[in-house]
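Work through the exercises below with the sequence and model open. Try each task before reading its solution.

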Amino acid sequence: MQSFETLLRESAQAHGHLCPGQVVGVRMAMLGCRLIGLDEPRRRDQIKRLLVYVEMDRCTADAVAHVTGAKLGRRSLKFMDYGIMAATFLNLETSRAFRILSTEEARDLASAYAPEVMDKSARQLEAYKRMADGVLFRVQRVRVNLHECDLPGPTLHKVVCSICGQVVRDRREVYRDGKPICRPCTQDSYFSHAREVSWPGMNWSPALENANAPDLQAEKGANSSTGITDEPVLSRN
Ligand SMILES: [Zn+2]
Ligand SMILES: [Zn+2]
């Protein structure tokens, strides 16, 4: 694995800024990979052996993803929305898994580790570089309950929602009266009041050479501010 400083520099660049979360995330990922025996997680032969679960959508998560090379699109990165500064590193070959939690004590100890730094964020950043892993983290050996439909690779299971007709992959459907239903149709969804709309330039495609950007004002019948019409263009159900 590359050095801490190199990983931190790269990670901050990919994330957009250098912050205490980058230091914690890079160190968390380095420790996690070491514990499960993957020293070069981004290398071809190791990338397929690694699954990472992140439990927060904050700065630290980006650093963990960067260092490990785990990606949502490869299904090697799982986002568990727990609001906890923790990540689990699983070696698929050996089933060894460790959950690493960032300690609250580390936050309190920042001023003891970098007393000369006045700015709070800069002090945390410096202190998190100096602390031992055992101060910065707690580590749990865990067993990950992995379903085959959670693994990277081709889709193993697809059903059609019996209400809206949407295809649901990877057994994320629920069953009601024996019929498959997608999560939005059960009302267990992050959105509500869904209504199909038409939008300006809906006939545009990149294949149309010399196509001008859609003119929002030119569309007939469009709402004057957004150009979006609220009349349903498709009626499902
Ligand atoms: Zn950040
Ligand atoms: Zn549905």
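## Exercises on a predicted model

Residues are numbered from 1 along each chain as its sequence is written, and chains are lettered from A and ligands numbered from 1 in the order in which they are written. This is a predicted model: local features need pLDDT of at least 70, side-chain atom pairs count only at pLDDT 80 or more, and totals for chains, interfaces and linings use all residues.

**Exercise 1. Find what A29 touches, not counting residues up to four places away in sequence.**

Step 1. Apply the contact rule: two residues are in contact if their C-beta atoms, placed from the backbone, lie within 7 Å.
Step 2. Read off the partners of A29: A63, V64, V67 and T68.
Step 3. A29 is among the residues with the most contacts inside the largest nonpolar core, which has 42 residues. Such a core is a set of buried Ala, Val, Leu, Ile, Met, Phe, Trp, Tyr and Cys residues joined through C-beta atoms within 7 Å.
Step 4. Name the top contributor: α2 (20–35) gives seven residues, the most of any element. Helices (H or I, at least four residues) and strands (E, at least two) are DSSP runs, numbered from the N terminus.
Step 5. In soluble globular proteins, nonpolar side chains tend to be buried together.

**Exercise 2. Decide how far α4 is enclosed by the rest of the structure.**

Step 1. A residue is buried if 20 or more other C-beta atoms lie within 10 Å of its own, exposed if 12 or fewer, and partly exposed in between; C-beta atoms are placed from the backbone.
Step 2. Count. Ten of the ten residues of α4 are buried, so α4 is largely enclosed by the rest of the structure. Among them are C59, D62 and H66.
Step 3. List the packing partners of these buried residues: α1, α2, β1, β2 (77–79) and β3.
Step 4. Look past the helix. G69 follows α4 and has a positive phi, near 75°.

**Exercise 3. Is R49 buried, partly exposed or exposed, and why?**

Step 1. Locate R49: the loop between α3 (44–47) and β1.
Step 2. Count neighbours. R49 is partly exposed because it has 16 C-beta neighbours inside 10 Å.
Step 3. List its contacts, leaving aside neighbours within four places in sequence: L38, N91, L92 and E93.
Step 4. Compare sequence with space. R49 and N91 are 42 residues apart in sequence and 5.6 Å apart in space, C-alpha to C-alpha.
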